[in-house]
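Colleague: I am new to this structure and would like to learn how to read its features one by one. Could you take me through them slowly, with the general idea before each case?

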Amino acid sequence: MKIQGQMFIWLSVFILGMAVVYGVWSKEPVGTTALFLAFGLSVMIGFYLAFTANRVDAMAQDNKEADVADEAGELGFFSPHSWQPLSLAVGGAFAFMGVVFGWWLMYFSAPLLLIGLFGWVFEYYRGENRTQ
């Protein structure tokens, strides 16, 4: 994580330089503001990664002599079968179509969104997947 923190800190220095050059050269406030906000975001991410790198164990990418296989292993648990993202996608599509065609379409999208959201959150609290 130390490498990622340093990369984001150096990226923020680059973005700050580009924001200053862009602001002086173009005198355009929107792009300059966006670049300064990107600088702030990359500083926050870089500081977080550098700060937490001191609290966690060293990872394989922090070792210059490490191989690719050193970081191999289980990455986490991923749900192999879930219908909830489909419900969220259909509900989201109806919600965005409601903005285009009429707000009345939100009455149909809200239940689909809520069913998908609550179903996804509580998927492993009920039914056959409860023990996973």
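Colleague: What should I keep in mind about the model itself?

Modeller: This is a predicted model, in which local features need pLDDT of at least 70 and side-chain atom pairs count only at pLDDT 80 or more, while totals for chains, interfaces and linings use all residues. Residues are numbered from 1 along each chain as its sequence is written, and side-chain values use heavy atoms, with hydrogens and water left out.

Colleague: How are aromatic pairs read, and how many does a search of the whole structure find?

Modeller: A pair of aromatic rings is described by the distance of the centres and the angle of the planes. Rings of Phe, Tyr and Trp (its six-membered ring) pair if their centres lie within 6.5 Å, and planes under 30 degrees apart count as stacked, over 60 as edge-to-face and the rest as tilted. The search finds four aromatic pairs. One of them, Phe47 with Phe51, is stacked, at 5.8 Å centre to centre and 20 degrees between the planes. Both residues lie in helix α2 (residues 29-53), four residues apart, or about one turn of the helix, a helix being a DSSP run of H or I with at least four residues, numbered from the N terminus.

Colleague: Is Phe47 buried or exposed?

Modeller: Buried means under 20% relative accessible area, exposed over 50% and partly exposed in between, with a 1.4 Å probe and protein chains only. Phe47 counts as exposed because its relative accessibility is 56%, whereas Phe51, at 40%, is partly exposed. Another pair, Phe122 with Tyr125, is edge-to-face, with 5.6 Å between centres and 70 degrees between the planes. Tyr125 is exposed at 60%, while Phe122 is partly exposed at 43%, and ring pairs link Phe118, Phe122 and Tyr125 into a cluster.

Colleague: Where is Gly92 found?

Modeller: Gly92 is found in helix α3 (residues 84-101), and it counts as buried because its relative accessible area is 16%.

Definitions and conventions:
Helix = DSSP H or I, 4+ residues; strand = E, 2+ residues; numbered from the N terminus.
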